[in-house]
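The tour goes stop by stop: select, look, move on.

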Amino acid sequence: MAQAQSMGKRYIKAFFKGFFVAVPVTVTFLDRVACVARVEGASMQPSLNPGGPQASDVVLLNHWSIRNYDVQRGDIVSLV
């Protein structure tokens, strides 16, 4: 019984240690490098949402290129 409680405490401790490392790393990655966004509506047709206004596409937004001013003609830029 005592050994089972010890294993449970170790599991919980390892979980929280991993959680408190993974959350800041993930938030930093999504803020600085890239994130996933959903494009809805007819504003980007026919490049995105070729199925009509009811369809939606999932895109990867590259924050790294914007920070390095590596935007070229023909690139799609998303503004919030």
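Start with a sorting rule for side chains. Ala, Val, Leu, Ile, Met, Phe, Trp, Tyr, Cys and Pro count as nonpolar; Asp, Glu, Lys and Arg count as charged; the others, Gly among them, count as polar. Keep in mind that this is a predicted model.

**Stop 1: the largest pocket**

Select Leu-61, Asn-62, Ile-76, Val-77 and Ser-78. Of the 21 lining residues, these are the closest to the centre of the largest pocket. The space in the largest pocket comes to about 540 Å³. Now colour β1 (34-40), β2 (56-62) and α2 (63-67). Each of these elements gives two or more residues to the lining of the largest pocket. Which classes make up the lining of the largest pocket? Apply the sorting rule: 12 residues are nonpolar, 4 are polar and 5 are charged.

**Stop 2**

Select Gly-41. Gly-41 sits in the loop between β1 and β2. Buried means under 20% and exposed means over 50%, with partly exposed in between. Gly-41 and Leu-60 are 17 Å apart in space and 19 residues apart in sequence.

**Stop 3: the nonpolar patch**

Show the surface, then select Tyr-11, Ile-12, Phe-15, Phe-16, Phe-19, Phe-20, Val-23 and Val-27. Together these residues make a nonpolar surface patch of about 850 Å². Pick out Phe-19, which belongs to helix α1 (residues 2-32). Phe-19 has 40% relative accessibility, so it counts as partly exposed.

**Stop 4: Phe-29**

Stay on helix α1, where Phe-29 is also found. Phe-29 is partly exposed, at 44% relative accessibility.

**Stop 5: the salt bridge**

Side chains of opposite charge can pair when their charged atoms come close. How many salt bridges does a search of the whole structure find? The search finds 1. Select Asp-31 and Arg-32 and show their side chains. They meet in a salt bridge, at 3.7 Å from N to O. Check the exposure of both partners. Arg-32 has a relative accessible area of 40% and is partly exposed. Asp-31, at 42% relative accessibility, also counts as partly exposed.

Definitions and conventions. Residues numbered from 1 in each chain as written. Predicted model: local features only at pLDDT ≥ 70, side-chain atom pairs only at ≥ 80, totals over all residues. Heavy atoms only, no water. Patch = residues over 30% accessible without salt bridge, like charges linked within 9 Å, V, L, I, M, F, W, Y side chains within 5 Å. Areas by Shrake-Rupley, 256 points an atom, 1.4 Å probe, with all protein chains shown as cover. Salt bridge = Lys/Arg side-chain N within 4 Å of Asp/Glu carboxyl O. Helix = DSSP H or I, 4+ residues; strand = E, 2+ residues; numbered from the N terminus. Buried < 20%, exposed > 50% of the residue type's maximum accessible area, 1.4 Å probe, protein only. 1 Å grid on protein atoms, 1.4 Å probe; cavity = no way out; pocket = protein on both sides within 12 Å on 5 of 7 lines; lining within 4 Å. Points joined across faces, edges and corners; volume = space filled by probe spheres on them.
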